[in-house]
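Visitor: I would like to learn how to read a model like this one. Where do we begin?

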Amino acid sequence: MKKFHFQLDTVLGYKQQVLDNRLVEHGAAVAQVTRQEAVLLDAQNRRGAYEAEFRQKQAEGMTMFEALKYQSCMEALMREIEREKEKLVQLRRIEEEKRARVVESRVETKTLEKLKEIKLQDYNYDIHKEEERFIDDLTATKRVLSNA
């Protein structure tokens, strides 16, 4: 009997390549989210330090001009934090889309792998049956020859 050949091997290979590519894309998206979280945390920490400095200066006494300068800078930091939060939300949305595509590719790949496994089991069953028939034929031939 001929060697086992799965007709959809090329499709399975292609789907595996697609899955690998999507895993790389998802990994890059996760890395972007992580970097953006660090950027946001840094901006929040800078704002916190600046507010602490403002409170300290306020307790020591400051001019109206200095107070306006601090207020203006804190507002700018708040706007920066909001922009960074929006970027983070957008990057998380992209990461979720990439994750969904990875899941979809995994399902497709697993389906083809399962089909290949089933076809291999069928092939092995047929081989086993053919071997049994051959043994039966050999035994029957041996009996006929020994009776003659």
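**Salt bridges, burial and a pocket**

Guide: Start with spacing along a helix. Arg 47 and Glu 51 sit 4 residues apart in helix α1, so about one helical turn separates them. Keep in mind that this is a predicted model.

Visitor: What do Arg 47 and Glu 51 form, and how far apart are the closest N and O atoms?

Guide: They form a salt bridge, with the closest N and O atoms 2.7 Å apart. Arg 47 is partly exposed, because its relative accessibility is 25%.

Visitor: How many salt bridges does a search of the whole structure find?

Guide: The search finds 16. One of them pairs Glu 104 with Arg 22, whose closest N and O atoms are 4.0 Å apart. This pair links distant parts of the chain: Arg 22 is in helix α1 (residues 9-60), Glu 104 is in helix α2, and 82 residues separate them.

Visitor: Is Arg 22 buried or exposed?

Guide: Compare the relative accessible area with the cut-off: buried means under 20%. Arg 22 has 16%, so it is buried.

Visitor: Which side chain meets Glu 25 in a salt bridge?

Guide: That of Arg 101, at 3.9 Å from N to O. Glu 25 lies in helix α1 and Arg 101 in helix α2, so the pair ties together parts 76 residues apart in sequence. Both ends are partly exposed, because Glu 25 has 32% relative accessibility and Arg 101 has 35%.

Visitor: Salt bridges can share partners. Which residues do they join into one network with Glu 25?

Guide: Lys 98 and Arg 101.

Visitor: What is Thr 109 in contact with, leaving aside neighbours within four places in sequence?

Guide: Read the contact list: Leu 12, Lys 15, Gln 16 and Leu 19.

Visitor: Last feature. How much space lies in the largest pocket?

Guide: About 300 Å³. Next, look at the lining. It has 12 residues. Phe 4, His 5, Phe 6, Gln 7 and Lys 119 lie nearest the centre of the pocket.

Visitor: How do the residues of that lining divide into nonpolar, polar and charged?

Guide: Into 6 nonpolar, 2 polar and 4 charged.

Conventions: Residues are numbered from 1 along each chain as its sequence is written. This is a predicted model: local features need pLDDT of at least 70, side-chain atom pairs count only at pLDDT 80 or more; totals for chains, interfaces and linings use all residues. Side-chain values use heavy atoms; hydrogens and water are left out. On a 1 Å grid over the protein atoms alone, a cavity is a set of points where a 1.4 Å probe fits but cannot get out, and a pocket is an open set with protein on both sides within 12 Å along at least five of seven lines; lining residues have an atom within 4 Å of a point. Grid points are joined across faces, edges and corners, and a volume is the space filled by probe spheres set on the points. Ala, Val, Leu, Ile, Met, Phe, Trp, Tyr, Cys and Pro count as nonpolar, Asp, Glu, Lys and Arg as charged, and the others, Gly among them, as polar. Contact means heavy atoms within 4.5 Å. Helices (H or I, at least four residues) and strands (E, at least two) are DSSP runs, numbered from the N terminus. Buried means under 20% relative accessible area, exposed over 50%, partly exposed in between (1.4 Å probe, protein chains only).
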